[in-house]
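Trainee: I am new to this structure and would like a close look at one part, the surroundings of the ligands. Please take me through them step by step.

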Amino acid sequence: MARKGNANMACSQSENGCIASFSLFSEKAVQELLHSPLQGSDDHLIEFSETLRTVAKTLRRVAEGKASAQAEAAEWKRKFELERARNLKLENRGKSCLEFHPDLDDMRTNNPTNQPALCNETNEKSERCSRNGICSHEVLRDGNPDSDSHSKMIRKASFKLSWCCKGEQSDQQKHDIVSFERGNITTAERSSKQISLKWESSPQTVLILTKPNSVPVQILCAEMIRWLRQQQKLHIYVEPRVRVELMMESSYFNFVETWKDGKEISALHTKVDLVLTLGGDGTVLWAASMFKGPVPPIVPFSLGSLGFMTPFYSEHYKECLESILKGPISITLRHRLQCHVVRDAAKNEYETEEPTLVLNEVTIDRGISSYLTNLECYCDNSFVTCVQGDGLILSTTSGSTAYSLAAGGSMVHPQVPGILFTPICPHSLSFRPLIMPEHVTLRVQVPFNSRSPAWVSFDGKDRKQLAPGDALVCSMAPWPVPTACLVDSTNDFLRSIHEGLHWNLRKTQSFDGPRES
Ligand SMILES: NC(=O)c1ccc[n+]([C@@H]2O[C@H](COP(=O)([O-])OP(=O)(O)OC[C@H]3O[C@@H](n4cnc5c(N)ncnc54)[C@H](O)[C@@H]3O)[C@@H](O)[C@H]2O)c1
Ligand SMILES: Nc1ncnc2c1ncn2[C@@H]1O[C@H](COP(=O)(O)OP(=O)(O)OP(=O)(O)O)[C@@H](O)[C@H]1O
C-alpha cells in the first residue's frame with residue numbers, strides 16, 4: 001500500500017502534465033472499477049480494466065524510475081557541491097592566511113618555492129618545534145650501539161604522523177603535525193590556548209553598536225562617546241539610526257561617523273580597530289553578522305538579562321576601556337559557521353549566493369508545518385543520519401549554551417573547535433547529540449519525498465524555506481569573532497554558566513548525618 005501511495009504521489013507531484021493526468025488511472029481506480037456492479041457482465045470491460053491495470057503499473061514504474069533518477073542526480077549534485085565547498089574552503093583559507101600576513105611581500109621574496117603563506121606557517125611551526133626539541137623528524141635511533149640483542153628486540157618501531165589537506169594530491173600535502181620522541185606521541189601545539197592581543201599601534205577608531213529601543217543604552221552610549229572623544233581622542237562610528245538619535249540630543253555629536261549603504265558596511269573592518277557592543281548576547285550576534293569577512297576585536301558590555309558573551313560591566317566602562325585600549329587583552333576566538341543554501345533548481349549556487357555566517361547556530365526546523373521534518377544529513381562523503389523530528393541545530397561551540405543547550409546538547413568551551421549536531425525533539429529514543437570536528441562539511445538535505453518543506457534560520461534570524469531537493473551546506477568559516485575577555489576565556493565561560501544558568505547549583509549536604517565508618 002505504501003509503495004502504491006508513493007507512486008501516486010510521485011505522479012501527481014510531477015511537473016509533467018501528461019503523467020499527472022494519467023495518474024487518474026491508478027491501481028486503486030482500476031480496483032474500484034473491477035469491483036463495480038458491472039464486473040463479469042461485460043468481458044470487454046474486464047479486458048479494458050486489465051489493460052488499464054497494466055498501464056497503471058507501467059506508470060508506477062516510470063514514477064519510481066523518475067524518483068530514483070532524481071535521488072541519484074541529487075547524490076551526484078551533493079558530491080559535486082561538497083567538492084566545490086572543499087575547494088572554496090581551501091581557497092578561503094589560503095586567502096585569509098595571505099590577508100592576515102602583514103609582511104606578505106617579504107614572505108613572497110623569502111619563499112623561493114612561492115608556496116602560499118600556509119605552507120610557510122607550517123615550516124615555521126616545525127622549526128619552532130625543533131627548537132623546542134619536541135618535534136624531531138628524525139628516525140628513532142638505536143640508542144646504545146653496543147646494546148645487546150634483547151634491547152634491540154624491545155626497541156619501538158618508528159613512525160610518522162601526518163595530516164592530509166583535502167582536495168590536494170595525497171603525495172604533496174602531508175604536513176607533520178605530531179611527531180615522536182623515542183616512539184611516543186606528543187603534541188607540540190594545541191589550537192585552544194588562551195590568546196592574548198597586544199596592540200602594536202594604538203587603536204584609533206571605535207565602532208559602537210547598541211541594542212535598539214533602550215533608554216539606558218542610549219544614555220550610556222552618549223556618555224561613552226563623549227568620554228572616548230574627549231579623553232581618548234578616538235574616531236567614533238555608530239549605526240545610522242544611532243547617529244540620528246545622538247543628533248536629536250545635541251549637535252555636539254556631529255563628529256560621529258556612520259555609513260550610507262552595504263558597500264560601506266563591508267569596508268568597515270578596514271577602518272575600525274575595536275567594536276563595542278551595548279546590549280545582550282543578541283547585540284554581539286548582531287555585531288558579528290555585520291562582518292562577512294574579518295572581524296575586529298569586540299568588547300561586549302552587558303546591558304541585557306543573560307549575557308553569556310557579554311562579560312564587561314557597563315558601570316565600569318572607563319576602567320575597562322582604558323585597560324583594553326592599552327592592552328594586552330585576553331581574547332576568545334569564537335568560531336563561526338559558513339552556511340550555503342543550495343537550491344535544487346540552482347545550477348551553481350556557490351557563485352551566485354553569498355554565504356551566511358553564524359556565531360551561534362544554523363537551525364533547520366519544521367517552521368509552521370505540523371508534519372515531522374525529514375532531513376538527510378551527510379558529513380563529507382558519509383551519510384550521518386536521517387533526522388525525523390522538529391529539526392536540527394548545527395551549532396558552534398559559542399552557541400552551545402544557546403538553542404543547542406535547550407535542545408539537549410552539551411555545553412562546550414567556546415575555544416574548542418567543533419560543530420555541534422543537535423536534534424530538536426527527535427522522534428527516536430536513541431538519537432543523542434553529536435560533536436563533529438571542525439574540518440568537516442555538513443550537508444542537510446530535504447529529501448524529494450519529504451511531506452513538507454523545512455525552514456532554515458541563522459542565529460535565530462533570516463528565515464528561508466527549504467523545498468524538497470534543497471539543501472544547507474555548512475562548514476567552519478575562516479573568520480572567527482575575537483571577543484575580549486574580562487579575565488580569560490575559561491574563567492569567563494565558567495562564570496557565565498554559573499551566573500547565567502546557575503549550573504549545577506545545589507545546597508551543600510550538611511556535615512551531620514550518617515557516615516561511612
Ligand atoms: N529554545 C531556545 O533556547 C531558543 C529558541 C530560539 C532561539 N534561541 C537562541 O536565541 C539566539 C538569538 O538570540 P537573540 O538575543 O537575537 O534572541 P532573543 O532576544 O530571543 O534571545 C534569546 C536568548 O538566548 C540567549 N543567548 C543568545 N546567544 C547565546 C549564547 N551564545 N549562549 C547563551 N545564551 C545565548 C540570549 O541571551 C537570550 O536570553 C539564537 O541564536 C538561539 O540560539 C534559543
Ligand atoms: N544594533 C542592532 N540593530 C538591530 N537589532 C539589534 C541590534 N542589536 C541587537 N539587536 C537585536 O535586538 C534583540 C535583543 O538584543 P539583545 O539580546 O542584545 O538584548 P536583550 O534581549 O535585552 O538581552 P538578553 O537577551 O540578554 O535579555 C536581538 O534579537 C538582536 O538581534
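Mentor: Two helices, α11 (281–290) and α13 (403–406), each supply at least two residues of the shell around ligand 1. Helices here are DSSP runs of H or I with at least four residues, and strands are runs of E with at least two, numbered from the N terminus. The model is predicted, with local features needing pLDDT of at least 70 and side-chain atom pairs pLDDT 80 or more, while totals for chains, interfaces and linings use all residues. Residues are numbered from 1 along each chain as its sequence is written, chains are lettered from A and ligands numbered from 1 in the order written, and side-chain values use heavy atoms, without hydrogens and water.

The biggest giver to the ligand 1 shell is α11, with three residues. In total 16 residues surround ligand 1, and the closest are Asp281, Asn360, Glu361, Thr401 and Ala402; a residue counts as near if one of its heavy atoms lies within 4 Å. By class, the shell has seven nonpolar, five polar and four charged residues. For this count, Ala, Val, Leu, Ile, Met, Phe, Trp, Tyr, Cys and Pro are nonpolar, Asp, Glu, Lys and Arg are charged, and the others, Gly among them, are polar.

Now the polar contacts (pairs of N or O atoms within 3.5 Å). The side chain of aspartate 281 has an N or O atom 2.8 Å from an oxygen atom of ligand 1. Backbone atoms take part too: a polar one of tyrosine 403 is 3.1 Å from an oxygen atom of ligand 1, and a backbone N or O atom of glycine 282 is 3.4 Å from an oxygen atom of ligand 1. On its own, ligand 1 has 780 Å² of accessible area, and the protein covers 63% of it; such areas come from the Shrake-Rupley method with a 1.4 Å probe.

A nitrogen atom of ligand 2 is 3.2 Å from a polar side-chain atom of tryptophan 286, and one is 3.4 Å from a side-chain N or O atom of arginine 241. Ligand 2 alone exposes 610 Å², of which the protein buries 70%. Around ligand 2 there are 16 residues, with Lys211, Glu239, Gly280, Thr283 and Ser305 nearest. Here α11 again gives the most, with four residues. The ligand 2 shell has three nonpolar, eight polar and five charged residues.

Conventions
Polar contact = N/O pair within 3.5 Å; in protein donor to acceptor, adjacent residues only side chain to side chain.
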